[in-house]
Structure formats: structure tokens, C-alpha cells
Amino acid sequence: MDAYRLPAKLLKALAHPVRLRILNALREDEECVCHLTAVVHHRQAYVSQQLRFLRQAGILQDRKDGLRVYYRVKEPRVFDALEIVNALVGVKNEIAPHQVVAACPCPKCETGRE
Ligand SMILES: [Zn+2]
């Protein structure tokens with residue numbers, strides 16, 4: 001049954017608007033949890049929960065740097081799948097480079113504000 005169970009597991013991990021928003025923020029580069037929290041406008045505990053879900057599904061991997069945890073997409077082909085889904089529903093998902101968020105304390109946003 002793995003021929004059906006594994007694809008269903010992956011699709012289930014993708015099937016959530018906040019998780020799709022997180023993935024879109026990770027198209028270009030890794031981002032820290034604080035940045036992803038600022039981008040999706042949800043509490044950090046909630047965002048961390050969604051990030052864990054994506055990591056456990058094998059879509060993301062994390063890296064610790066001091067107190068910060070960075071996430072990146074493990075398999076960029078997941079974006080090809082999302083392109084197809086977006087085309088099916090008629091949604092245009094523009095590729096967003098690093099978005100500088102005013103309230104975000106991450107190093108990239110600090111640099112972007114200078
Ligand atoms: Zn940031």
C-alpha cells in the first residue's frame with residue numbers, strides 16, 4: 001500500500017494554507033523561525049508546530065545556529081508540484097525573494113533595513 005500511502009502522506013503535509021505560505025517564503029533560501037513567524041502573522045508556537053509537521057513529512061530540514069533555528073526545503077521539486085496545483089486552481093504564486101519584515105529581528109531583515 002506504500003504506493004498510495006506515501007504520496008497521500010506528502011499531500012496531507014502540503015494541504016494547509018499556512019504551510020503553503022511557509023513553503024513560499026522558503027523558495028529562495030533558508031529562513032529562521034522568527035522570520036517565518038513574522039511573515040505568516042501567526043504565533044511562534046503555531047508556526048513551529050507547522051514547521052515540525054513539514055519536517056516530519058521530510059519536506060523541510062532544520063539547522064541550529066546559536067539560538068536561532070533555520071529551516072530550508074529539503075527537496076526543491078516540491079515547488080514543481082505546487083506550481084501544478086496552483087495552475088489547476090488558477091492561482092498565480094509569484095516567487096517571493098527574502099521579504100524584509102519591519103518587526104522581524106532576524107539577521108537578514110536587520111541587514112535589509114540598513
Ligand atoms: Zn526576518
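A residue is buried if 20 or more other C-beta atoms lie within 10 Å of its own, exposed if 12 or fewer, and partly exposed in between, with C-beta atoms placed from the backbone. This is a predicted model: local features need pLDDT of at least 70, side-chain atom pairs count only at pLDDT 80 or more, and totals for chains, interfaces and linings use all residues. Residue numbers start from 1 along each chain as its sequence is written.

**Stop 1: helix α4.** Select residues 44–56. Helices here are DSSP runs (H or I, at least four residues), strands are E runs of at least two, and both are numbered from the N terminus. α4 has 13 residues and spans 18 Å from first C-alpha to last, close to the 18 Å expected at 1.5 Å a residue (1.5 Å times one less than the number of residues).

**Stop 2: its two sides.** Which residues of α4 are buried? Select V47, Q50, L51 and L54. They cover an arc of only 100° around the axis, so they sit on the same side of α4 (the arc is that of the directions from helix axis to C-beta atoms). Now pick A45, Q49 and Q56: they are exposed, on the other side of α4.

**Stop 3: the neighbours.** Show α1 (2–14), α2, α3 (33–40), β2 (60–65) and β3 (68–73). The buried residues of α4 pack against these elements. Contact means C-beta atoms, placed from the backbone, within 7 Å.

Definitions and conventions: Axes fitted to C-alpha atoms, helices over the stretch in contact; angles between N-to-C directions. Contact = placed C-beta atoms within 7 Å.
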